[in-house]
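The following note sets out numbered points on the structure shown below. Please read each point with the model at hand.

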Amino acid sequence: MPANRYPIFIQRPQIGWSNTIVTTNTTKDGTTGTFERTMFQSGAASGNAEGSYVDYVRVKSLGTNLATVGRVFLCIGLGDRTVANDNFMLSEITLPATTWTETTALPDFTVPLKIAIPHNANLYVSIANTINAGWQFTTVGGDYVALSPMFVDKPQSNFSGTVTTQNQTRFGTGTLTQVWRSPSSNVIATYLDHIRIKPIGTNVASVARVWINNGGVTTVANNNTLFTEVALPAITLNEAIGQVDIPISMKLFLPQSYNVYVTLGTTVAAGWTFTGIGGVVTPP
Amino acid sequence: MTSSPLFIRTPKVGFSNVITASNTTKTLAAGTLNRVLFESNTAYGSYLDHIRARAVGTNVASVARIFINNGGVTTDAANNSMISEITLPPTSNGTFEQSAQPDIILPLKMVLNPGWNVHVLLGTAVAAGWNFGAFGGDY
């Protein structure tokens, strides 16, 4: 095989998440204790053996929690998690105590990684203390497939309709409102640039939560991950003053069949609308 | 002469084992070495982007020394060169494990000849240890 003269690019996005993690595991070399399911495995999105790029890990509180530390591990090449030499703690993040409310957003925490990993290497996480409600970790990246970059070649916008009813689930189950859809065929991926939120009348304060679903039924918690949330202020209808536009930056390539849903923390009177704006990446 | 650039084709990651023992050699030619941190591809060589150092518990201060070896025996100092050092601060996970330890990243952004290797040593022995990951790719 000749030396490679072209840069490599991801062409199959991969987004994977842990289940809700509540139980302590204080290992620092990844070899002992119970680990939750693999978040991200190189090649899982494409079936290729070219390796993957891991951009970042998003960490979200799923309720009221004590302070702890989150740890992100890399296991190389389908290695054995009981063998220290196959595992490496990539990073730690301080996770503060959190108090869940239905009118205020909890912060998004991000662990930037920006690393290329070889085929079959996988990421998993642990927390240092047993806590109350739990944390969820979501990894964003993609599989290397091609020697050309991936671009959107057709615009796509989806919108939710008016949302008024609360859904206080912490796991993305219950009644959800879809705001973005990745088709299951004839696309490589979709790109969701941002979600625009608008009030359509008088509302009490609430919080909007944005969930990514992997295409499985939303009633199964592990098919969903809380990606971000934003506080929605109390609104009083005014026919002479424009109400606020609330954009949520997403900047995500989503695999086939992945969908994005929204929920409200508190029921409101007039409602809010959500519009996803982005595009579609079609096969060559 | 080539008129087109060379790019990595396959990502490569290497880990040290968890290192607790010291080896104060400045040439890599003496003492006990840890397992190779990063092995360059034997066909076209490799690119080493950065090394990430992670404490795995409570440690006294130390220094990590990074060496390259040209594929020859490490006991011959002429085959090795120290290319960088990282000051490693004392670390503690505390009683309650509520604060993260820092990621210590050494950017290298260097090419490695085919068959060359990268090693890491500690200057002072520590209790819990440090683990090192090297991130790059094969050409």
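1. Setting aside neighbours within four places in sequence, A:Thr275 is in contact with A:Ser157, A:Phe159, A:Ile195 and A:Arg196; two residues are in contact if their C-beta atoms, placed from the backbone, lie within 7 Å. The C-alpha atoms of A:Thr275 and A:Ile197 are separated by 6.6 Å, although these residues are 78 residues apart along the chain. A residue is buried if 20 or more other C-beta atoms lie within 10 Å of its own, exposed if 12 or fewer, and partly exposed in between, with C-beta atoms placed from the backbone.

2. The model is predicted: local features need pLDDT of at least 70 and side-chain atom pairs count only at pLDDT 80 or more, while totals for chains, interfaces and linings use all residues. Residues are numbered from 1 along each chain as its sequence is written, and chains are lettered from A and ligands numbered from 1 in the order in which they are written.

3. A:Thr275 has its place in strand E16 of chain A. Helices (H or I, at least four residues) and strands (E, at least two) are DSSP runs, numbered from the N terminus. Strand E16 belongs to an open sheet of four strands in chain A, with the order E9-E16-E11-E14 and antiparallel pairing; two strands pair if DSSP finds at least two bridges between them. The edge strands are E9 (154-163) and E14 (246-255) of chain A, each of which pairs on one side only. From one strand to the next, the twist averages 20°; axes are lines fitted to C-alpha atoms, for helices over the stretch in contact, and angles run from 0 to 180 degrees between N-to-C directions.

4. Eight bridges join E9(A) to strand E16 (residues 272-281) of chain A in the antiparallel sense. Opposite A:Thr162 stands A:Thr273 in E16(A).

5. Chain A has another open sheet of four strands, with the order E1-E8-E3-E6 and antiparallel pairing. Strand E1 (9-17) and E6 of chain A stand at its edges, each with a single partner strand, so one side of each is left without a neighbour in the sheet. Here the twist averages 15° from one strand to the next.

6. Strand E3 (residues 52-61) of chain A pairs with E6(A) in the antiparallel sense over seven bridges. Within E6(A), A:Val111 is the bridge partner of A:Val57, and A:Pro112 is the bridge partner of A:Tyr56. E3(A) also runs antiparallel to E8(A), to which nine bridges join it; A:Lys60 has A:Gln136 in E8(A) as its bridge partner. E3(A) is mostly covered, since nine of its ten residues are buried.

7. How is chain A divided into domains? The assignment gives domain 1 (9-146) and domain 2 (154-281); such bounds come from an automatic or database domain assignment. The C-alpha centres of domain 1 and domain 2 of chain A lie 24 Å apart. In chain A, 24 residues of domain 1 are in contact with 26 residues of domain 2. On the side of domain 1 of chain A that touches domain 2 of chain A, E1, E3 and strand E8 (135-146) each supply at least two residues. The largest share of that side, six residues, comes from E1(A). Its residues divide into nine nonpolar, ten polar and five charged. Ala, Val, Leu, Ile, Met, Phe, Trp, Tyr, Cys and Pro count as nonpolar, Asp, Glu, Lys and Arg as charged, and the others, Gly among them, as polar.

8. The largest nonpolar core has 105 residues, and those with the most contacts inside it are A:Phe73, A:Leu74, B:Trp130 and B:Ala134. Such a core is a set of buried Ala, Val, Leu, Ile, Met, Phe, Trp, Tyr and Cys residues joined through C-beta atoms within 7 Å. Domain 1 (9-146) and domain 2 (154-281) of chain A both give residues to this core, so it lies between them. Leaving aside neighbours within four places in sequence, the contacts of A:Phe73 include A:Gly30, A:Asn87, A:Phe88 and A:Leu123.

9. The contact between the chains takes 32 residues from chain A and 30 residues from chain B. Strand E4 (68-75), strand E5 (87-95) and strand E6 (109-117) of chain A each supply at least two residues of the side of chain A that touches chain B. E5(A) gives the largest share of that side, seven residues. The residues of this side of chain A divide into 19 nonpolar, eight polar and five charged.
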